[in-house]
Amino acid sequence: MRLVVFLALIAVPLAEIALLIAVGRSIGVLATVAIVVLTAVVGTIVLRRQGFAILMQANQSLQDGKTPLDSIAQGILVLIAGVFLVAPGLITDTMGLVLLIPPVRAIAAGWLVTWLANSGAVHVSVFGTRTRGATGSEADGQSGDDTGPVIDGEFERLDDTSQRATKPRSDRER
């Protein structure tokens, strides 16, 4: 895997330079630079809009009590598209713009989620409120009589024996 990344880091810039030279000879240097700048500007505008849309989609998933795994994968792909658009060159700009097409990104996100799940490198934990069904059993499989919200927090035990005086305090001193 490291060899593939290393070769890609060498091959992509060389291919970009070769393509920029070829396109520059065909349509001129100014037109080539204008294309690179224009794709970066258009890509940045589309990137901003789609990034906010994905953020809202993830927020809605969280409010619905669902894991926003698809939104996270699409957010990663939008970030990668942004990196491709910032990198100067026609190949990376094309790859970035293709990743900004929602159907293409949805397919790539599905592949990314599957690959991450099969690699075992990602663990997803879901936290939510407990709800009771019509039978009174809790939907998330936890047992207990409390029906209120679960509050997560930190505490420090003050009545620990290491902090207690040698003589216990009376109720009036507390």
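**A close look at helix α4**

Modeller: Happy to! α3 passes α4 in a left-handed crossing (the near helix is turned anticlockwise from the far one by less than a right angle; clockwise would be right-handed). Bear in mind that this is a predicted model, where local features need pLDDT of at least 70 and side-chain atom pairs pLDDT 80 or more, while totals for chains, interfaces and linings use all residues. Residues are numbered from 1 along each chain as its sequence is written, and side-chain values use heavy atoms, without hydrogens or water.

Helix α3 spans residues 69–86, and its axis comes within 7 Å of that of α4, crossing at roughly 155 degrees (axes are fitted to C-alpha atoms over the stretch in contact; angles run from 0 to 180 degrees between N-to-C directions). The two helices are therefore roughly antiparallel (over 145 degrees; under 35 is roughly parallel). Helices here are DSSP runs of H or I with at least four residues, numbered from the N terminus. From α3, Leu 77, Ile 80, Ala 81, Phe 84 and Leu 85 meet Thr 92, Asp 93, Met 95, Gly 96, Leu 97 and Leu 99 of α4 (contact means heavy atoms within 4.5 Å). Those residues divide into eight nonpolar, two polar and one charged (Ala, Val, Leu, Ile, Met, Phe, Trp, Tyr, Cys and Pro are nonpolar, Asp, Glu, Lys and Arg charged, the others, Gly among them, polar).

Now for α2, residues 29–63: this helix packs on α4 (residues 90–99) at about 25 degrees, with the axes 10 Å apart. That angle makes α2 roughly parallel to α4, and this crossing is left-handed too. Ile 35, Val 36, Thr 39 and Gly 43 of α2 make the contact with Leu 90, Asp 93 and Leu 97 of α4. The contact holds four nonpolar residues, two polar and one charged.

Within α4, Leu 90, Thr 92, Asp 93, Gly 96 and Leu 99 are buried (under 20% relative accessible area with a 1.4 Å probe, protein chains only). Their cover includes α1 (2–27), α2, α3 and α5 (102–119).

Leu 99 also belongs to the largest nonpolar core, nine residues in all, together with Ala 73, Leu 77, Ala 81, Leu 85, Leu 100, Ala 108, Ala 109 and Leu 112 (a core joins buried Ala, Val, Leu, Ile, Met, Phe, Trp, Tyr and Cys through side-chain atoms within 4.5 Å). α3 and α5 each give two or more residues to this core, with α3 giving the most, four.

Methods: Parallel < 35°, antiparallel > 145°, perpendicular 65-115°, else oblique. Buried < 20%, exposed > 50% of the residue type's maximum accessible area, 1.4 Å probe, protein only.
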